[in-house]
Amino acid sequence: MYEEMDNEHIREFQRQLIEWYNHNKRELPWRKNQDPYRVWVSEIMLQQTKVDTVIPYYNQFMEWFPDPETLAYAEEEKVMKAWEGLGYYSRVRNLQTAVKEVVEEYGGEVPREREHFSSLKGVGPYTAGAVLSIAYEKPEPAVDGNVMRVFSRIFNISDDIGKAKTRKRFESIIASFLEGIRPSEFNQAVMELGALVCTPKSPGCLLCPVQEFCEARRQGTAEELPVKEKKKPPKAKDMAAVVLKNQRGETLIHQRGDTGLLARLWEFPNTEVPPKEKREEVLKHHLAEEYGLDIEIGQPLQSVQHVFSHLIWNITVYEAWIHNTGREAENSRWVTMKEAEEYAFPVSHQKILDAQQEQEVR
């Protein structure tokens, strides 16, 4: 297995890659400067999310929370609203917690030392390496899936990139490539190469600026790399949700719990439907148990499917009306459709809200 490159070849690899990067890099809003807060926000947003999706969210987030102090003391509901639709919501809750610590413990300056920065909530090895190298020019490897794909091909490494020991191996290899250059340029160049040329499928080997160094290209194994154990297919769940109106025309919304999937986001009342049971009956029982409400269920309004990495929700949405006042639940509110816009909903329930708002316009 080949994974050594002498200093002369490393220098040439650096030169060719960085030259390509400076001619081909995309103009992205977080590349306008090396402000560590801006870099940090972008790296958290880009975890498991495509660049094109992130750009408008990033621009709005920076408009609402332009500095650590603003984000640290912002209302959580506003922060969640800014993140609405990006998914993996624990990212932004951890970010706000960590930024508040930066403001209170470090005077608002993002720590320059890996030990201190890595101790912040939500900051893993990749985020630490990316922020410290891009913002502070620290020679820190920033190893994510993109980077492991590039270097698994360069060195024809077939270790499973889903394993922690493989990431550590790549961190060790890449460390020798961070000498004698600006780490910010090199790390971003590798990321850009993975995004634009050394792609997961059909890599553009003929366009690659460092193709002469690629052992996988020589061996004809580029399309087989990187190796990653396949995940189990997501499990499907049958769900029923309800757009429940009271006598004033307000709709009931519910806030999810403090932990678990989509924690603290708002949603329309819903429940899982066990196999062979009727959705309408399960819904009525759920509303009676949770809110003491006696409801009349109408026709299905829409079907919504949402796919998580491990789970698929197939949601049938019903309209319904109440026959009694029920009881006030601490985690629920009656709101107008206009007021609902102020609350952060997961994507699946945004679709329900959008359909209701469209119906009101008609």
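**Cores, a buried helix and a strand**

Visitor: Which residues touch the most other members of the largest nonpolar core?

Guide: Phe13, Trp40, Phe61, Phe151 and Phe186 do, in a core of 99 residues. The model is predicted: local features need pLDDT of at least 70 and side-chain atom pairs pLDDT 80 or more, while totals for chains, interfaces and linings use all residues. Residues are numbered from 1 along each chain as its sequence is written, and side-chain values use heavy atoms, without hydrogens or water.

Visitor: What makes this a nonpolar core?

Guide: The term covers buried Ala, Val, Leu, Ile, Met, Phe, Trp, Tyr and Cys residues joined through side-chain atoms within 4.5 Å. Buried means under 20% relative accessible area, with exposed over 50% and partly exposed in between (1.4 Å probe, protein chains only). Helix α8, residues 125-136, contributes the most to the core, 8 residues. A separate second core has 17 residues, among them Ala240, Leu252, Ile297 and Ala329.

Visitor: What does Trp40 touch, leaving out residues up to four places away in sequence?

Guide: Its partners are Leu95, Ala98, Val99, Val102, Val110, Phe117, Leu120, Val123, Thr127 and Val131. A contact means heavy atoms within 4.5 Å.

Visitor: Why is helix α9 called largely enclosed?

Guide: Of its 10 residues (145-154), 9 are buried, so the rest of the structure largely encloses it. The buried residues are Asn146, Val147, Met148, Arg149, Val150, Phe151, Ser152, Arg153 and Ile154. They pack against α1 (7-24), α10 (164-175), α11 (183-196) and α12 (215-219).

Visitor: What follows α9?

Guide: Asn156 does, with a positive phi near 55°.

Visitor: Why is Thr271 called buried?

Guide: Its relative accessibility is 16%, under the 20% limit, so Thr271 counts as buried. Thr271 sits in strand β4, residues 270-272. Apart from neighbours within four places in sequence, Thr271 contacts Asp238, Met239, Ala240, Val282, Leu283 and His286.

Visitor: How many helices and strands does the protein chain have?

Guide: There are 15 helices and 7 strands. Both are DSSP runs numbered from the N terminus: helices are H or I with at least four residues, strands E with at least two.

Visitor: What describes the protein chain as a whole?

Guide: Its C-alpha trace spans about 80 × 50 × 35 Å along the principal axes. Buried residues are 50% of the 362 in the chain. Among contacts with a separation of 6 or more, 68% join residues 24 or more positions apart.
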